[in-house]
Amino acid sequence: MEKMSKSHEDYLEAIVMLGGRTDVPIRSVDVATKMGVSKASVNKAVNALKEKGLVDQPYYGDITLTDDGYEYGQSILDRHHLLFTFLTKVLGIPEERADEEACIMEHAISDESFVKLKMAIDDRLHQVAGFGLGALDRVVGSSARCEQYVQYHSQGSGRRVRVLS
């Protein structure tokens with residue numbers, strides 16, 4: 001899917017964080033409150049997301065994510081969780097600062113770099129914190145959007161890493 005603006009990604013991420021899914025609608029006022037913006041700002045963003053086929057909203061109704069909208073929003077949230085975990089657990093950055101910085105980084109990192117970072121963080125968490133291999137599956141999740149795989153041959157291990165698209 002084509003990369004979109006940070007603002008639109010933030011709206012999709014917020015809708016997912018509020019529990020929005022393809023079958024669970026979210027109220028515009030809840031999105032506005034979560035993001036600290038006006039309902040008019042939410043309506044403008046939702047109209048743009050509707051044009052991209054990422055959300056559905058009947059006239060003045062609740063917002064429902066399409067399959068593509070849910071996949072995209074969840075992938076942004078997953079990136080945030082991974083980056084937050086790396087910043088706090090590996091680098092020891094305080095949680096509040098790590099949350100702010102993860103929010104910035106989640107929009108800038110490429111898919112290829114994200115996959116490599118995920119592999120490196122998984123290895124590092126295993127070394128530092130004693131997490132088992134695959135610990136990031138619990139941090140990042142393992143849903144249908146992660147069906148694509150990349151083979152990573154580290155010392156012949158043949159480990160598989162989920163790719164978020």
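User: In which strand is T64 found?
Analyst: This is a predicted model. The strand in question covers residues 64–65. T64 is found in strand 2.

User: Is T64 buried or exposed?
Analyst: The relative accessible area of T64 is 18%. Buried means under 20%. T64 is therefore buried.

User: Which residues is T64 in contact with, leaving aside its neighbours within four places in sequence?
Analyst: Contact here means heavy atoms within 4.5 Å. With those neighbours set aside, the contacts of T64 are R21, T22, D23, P25, V55 and D56.

User: Why are the buried residues of helix 2 on the same side?
Analyst: Helix 2 spans residues 28–35, and its buried residues are S28, V31 and A32. An α-helix has 3.6 residues a turn, so residues three or four places apart point the same way.

User: Which helices do the buried residues of helix 2 pack against?
Analyst: The partners span 6–17 and 39–51. They are helix 1 and helix 3.

User: What pattern does the protein chain follow along the sequence?
Analyst: The protein chain has seven helices and four strands. Read along the sequence, the pattern is α-α-α-β-β-α-α-α-α-β-β.

User: What share of the protein chain do buried residues make up?
Analyst: The protein chain has 165 residues. The buried share is 42%.

Methods. Residues are numbered from 1 along each chain as its sequence is written. This is a predicted model: local features need pLDDT of at least 70, side-chain atom pairs count only at pLDDT 80 or more; totals for chains, interfaces and linings use all residues. Side-chain values use heavy atoms; hydrogens and water are left out. Helices (H or I, at least four residues) and strands (E, at least two) are DSSP runs, numbered from the N terminus. Buried means under 20% relative accessible area, exposed over 50%, partly exposed in between (1.4 Å probe, protein chains only).
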